[in-house]
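Good morning, and thank you for coming.

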Amino acid sequence: RLEAKGISFSPDADRITLARRAYLDLWGVPPHPEEIDTFLADSRADAYEQLLDRLLASPRFGERWGRHWLDVVGYADTIGFDIDSNNIILSEGKWRYRDYVIAAFNRDKPYNEFVTEQLAGDELVDWRNAPRFTPKIRERLIATGFLRTARDQSHEPESNIPLTYFGVLHDTVSIVGNSLLGLTLNCAQCHNHKFDPISQKDYYRLMAVFTPAYNPRNWKPVYPWKPEIHDRGLPDVSATEQAQIEKHNREIERRVSALNQQLATLRRPTEDRLLHARLQALPEPIRADTRAAIETPPARRTPVQKYLAGKFEAALRIKPEEVTASLSAADKAAAGTIQQRIAALNQEKRSFGKIQALYDVGPPPRTYLLKRGNYERPGEEVEPGLLSVLSDPARPASVSPRFAGPTSGRRSALASSLTERDSWAAALLARVMVNRLWQHLFGRGIVPTPENFGLSGEPPTHPELLEWLSGEFVHSGWRIKPMLKLMMMSSAYRQRSQSGSTVAHGTVDPEKVDPANHLLWRMRLRRLEAEAIRDSILAVSGQLDSRMGGPPVLLNALPSGLVVIEDKKLPDPAAKDRRSVYLLFRRAYNLSLLSIFDQPPVALNCPNRDTSAVPLQSLTMLNDPFLAEQARHLADRLARSGASSGAPARGGRAIIDAAFRLVLSRPPDAAEAAICSQLLAREAAVFRQAGRPPHEAERLALVQLCHTLLNTSEFLYVE
């Protein structure tokens, strides 16, 4: 295609640019200077290939690429309406699906297996009868969290109604169709699709696959708003294990209760003595009645007792610490021994968590074609099935409606139809995923509308390339890492991003022939996503907390409108610097820094993020307290490294070089070094004039330089 236009690929990017590009694409953070030095010193012909292998093998890869998939499926940590800035409702254990996705990318789980587990992990294992949950059972149940990403508003009695039930079903069908098949199915909810060959009947045949689990006749709410509500979450242990844990805990509670009784008996004489002393201050005629009043449970008090208790209870209340202080030495020792035994017993209690899984909840209900999409207007009954357009008439796909025991098997049959090698459905499934991989490496998919492979979407710019890559993907075992490596080894990926392509025939200006760069005669310049920007800032400042997994870091919406990390609820101070994938992800009201850099609000799902360039981003990078704090940390990191021995305020070149290499992965050129040297000297003079000691003035000047580098476009973009 390039040769036909008289142009060709641009030259390869230099090695530093190429390495930084690979780190940001695969890890979402820039390389450390030592990593760049190691790569530059590697003179082997396959040095770049070896670099890609190291990056793909790191757990940072799953955190970066898992976030891409969580966008595609519309994952959010919150449930319910999520329209109130400070009304945050979480379902226990939902974050386990996020961790499953990250682990799957890190282990390079074959994509056909990844899809099958997410559609039907519960049907692949006999979890109901298992004496214990093995890691495999637990993993496959967690995988079905893919089908729990639709907004479910059955979190309160007012919205626990059929309108909500069918809304969740419709959204689930849309997410499945869009994330796996790149199709816009929601049009067919009310009528035959206006553009694509998808009938309304096909839509409801696909919905019938999910109705045994999302059963409107036997609905499981998303949240237990009162104790007797049985929500959709499952214990993360088997029924047998749960019974054993509860039996164990009941025995612990019985022993603790007996010890508490011993403790109360030991303390009672002292409590009585203290109470008697306080009663002496009351008039004698009401002492007995007052004592009886405060010792009677509130619900059983007479009107007179209520009056007496209300008037004297606070004054007569004996605090536990008062009793402890008044015990004899022997009783104190005895009480301490009992309390130690209680504490030890309570530590022996066992617990279990929850898995937010999807599973069938009874015999499959009948599914009807809904006229105009209205659940109150059922039409003809439909049987479960795959979209007709994806079913080869010579080899029709079957989504059997059989009911065998507690599960219908419909979702596992759908997964099998979608991943059957050489089937029409599998061909589309592979193309959609390969296009997503290309999209995240090149800034735009071969099909520019990754959410719409239908007739109303944009056609592929290179259809033969997409077909060949998809064939390689399937034939290599549906593995994602080798496919990414194949793309990143290509000339198309390695070329530089600046204009200046070499020409194949004569002198042709590629900017005039293909100004939009559809033919990829140079690499596209791409701005980092919001999470990669924040993570990169933390990485270069040395503050990034690399711990993986677990519950999300909570956020707090301030009256000013800013959303910040909730410092008061951190498990430890370092948790505020965890990777952005582990921050609480809401449908709205996400961390302000991330929202400003286009972290999307999620109503359904987000196959393709918008990228904007607006003044608020620059203002945030200049004024946000987080940026100021990280600039200080970066300056301290440079000072600790020993690079500051070159007197930064007097233009020391060593610290300027170190700052550039940390932030931009390269040394400064002569002009940049001169400008930075002048900045350090000028800023240090300003701080000295403000009364700061010389050493502190030099440090504050260095902070200004660090803040400046973090604000450069070069830091925020992938070349």
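This is a predicted model: local features need pLDDT of at least 70, side-chain atom pairs count only at pLDDT 80 or more; totals for chains, interfaces and linings use all residues.

Let me begin with a definition: a disulfide is a pair of cysteine sulfur atoms within 2.5 Å. Residues are numbered from 1 along each chain as its sequence is written, and side-chain values use heavy atoms, with hydrogens and water left out.

By the disulfide rule, the count comes to 0. Cysteine 187 is in no disulfide, and the nearest cysteine sulfur, that of cysteine 190, is 9.2 Å away. For accessibility, buried means under 20% relative accessible area, exposed over 50%, and partly exposed in between, using a 1.4 Å probe and protein chains only. Cysteine 187 is partly exposed, at 30%, and cysteine 190 is also partly exposed, at 24%.

I turn now to the aromatic residues. Rings of Phe, Tyr and Trp (for Trp, its six-membered ring) pair if their centres lie within 6.5 Å; planes under 30 degrees apart count as stacked, over 60 as edge-to-face and the rest as tilted. The structure holds 20 aromatic pairs. In one of them, tyrosine 23 and tryptophan 27 have ring centres 5.1 Å apart and planes at 85 degrees, so this pair is edge-to-face. Tyrosine 23 counts as buried, at 5% relative accessibility, and tryptophan 27 counts as buried at 14%.

A tilted pair is formed by tyrosine 75 and tyrosine 97, with 6.1 Å from centre to centre and 40 degrees between the planes. Where do these two tyrosines lie? Tyrosine 75 is in the loop between α4 (59-73) and α5 (95-106), while tyrosine 97 is in helix α5, so the pair ties together parts that are 22 residues apart in sequence. Helices here are DSSP runs (H or I, at least four residues), as are strands (E, at least two), numbered from the N terminus. Both tyrosine 75 and tyrosine 97 are buried. They also belong to one aromatic cluster, whose members include Trp69, Tyr111 and Trp478.

Tryptophan 478 deserves a word of its own. It lies in the loop between α17 (463-475) and α18 (480-488), and it has a positive phi of about 60 degrees although it is not a glycine. Is this residue buried or exposed? At 4% relative accessibility, tryptophan 478 counts as buried. Arginine 372 likewise has a positive phi, of about 55 degrees, without being a glycine. Arginine 372 is found in the loop between β3 (367-370) and β4 (378-382) and, at 55% relative accessibility, counts as exposed.

Next, the interior. A nonpolar core is a set of buried Ala, Val, Leu, Ile, Met, Phe, Trp, Tyr and Cys residues joined through side-chain atoms within 4.5 Å. The largest such core has 114 residues, and those with the most contacts inside it are Leu26, Trp69, Tyr111, Leu119, Leu180 and Phe210. Helix α16 (residues 424-442) gives the most to this core, with 12 residues. A second, separate core of 51 residues includes Leu638, Ile655, Phe660 and Leu680.

Finally, the charged pairs. A salt bridge is a side-chain nitrogen of Lys or Arg within 4 Å of a carboxyl oxygen of Asp or Glu. How many salt bridges does a search of the whole structure find? The search finds 48. In one of them, arginine 278 pairs with glutamate 322, their closest N and O atoms being 2.4 Å apart. This pair links distant parts of the chain, 44 residues apart: arginine 278 is in helix α10 (residues 239-279) and glutamate 322 in helix α13 (residues 320-326). Arginine 278 is partly exposed, with a relative accessible area of 27%, and glutamate 322 is partly exposed at 26%.

Another salt bridge joins the side chains of arginine 692 and glutamate 696 (2.6 Å, N to O). Elsewhere, salt bridges that share partners join Arg107, Lys109, Glu113, Glu117, Glu139 and Arg140 into one network. Thank you for your attention.
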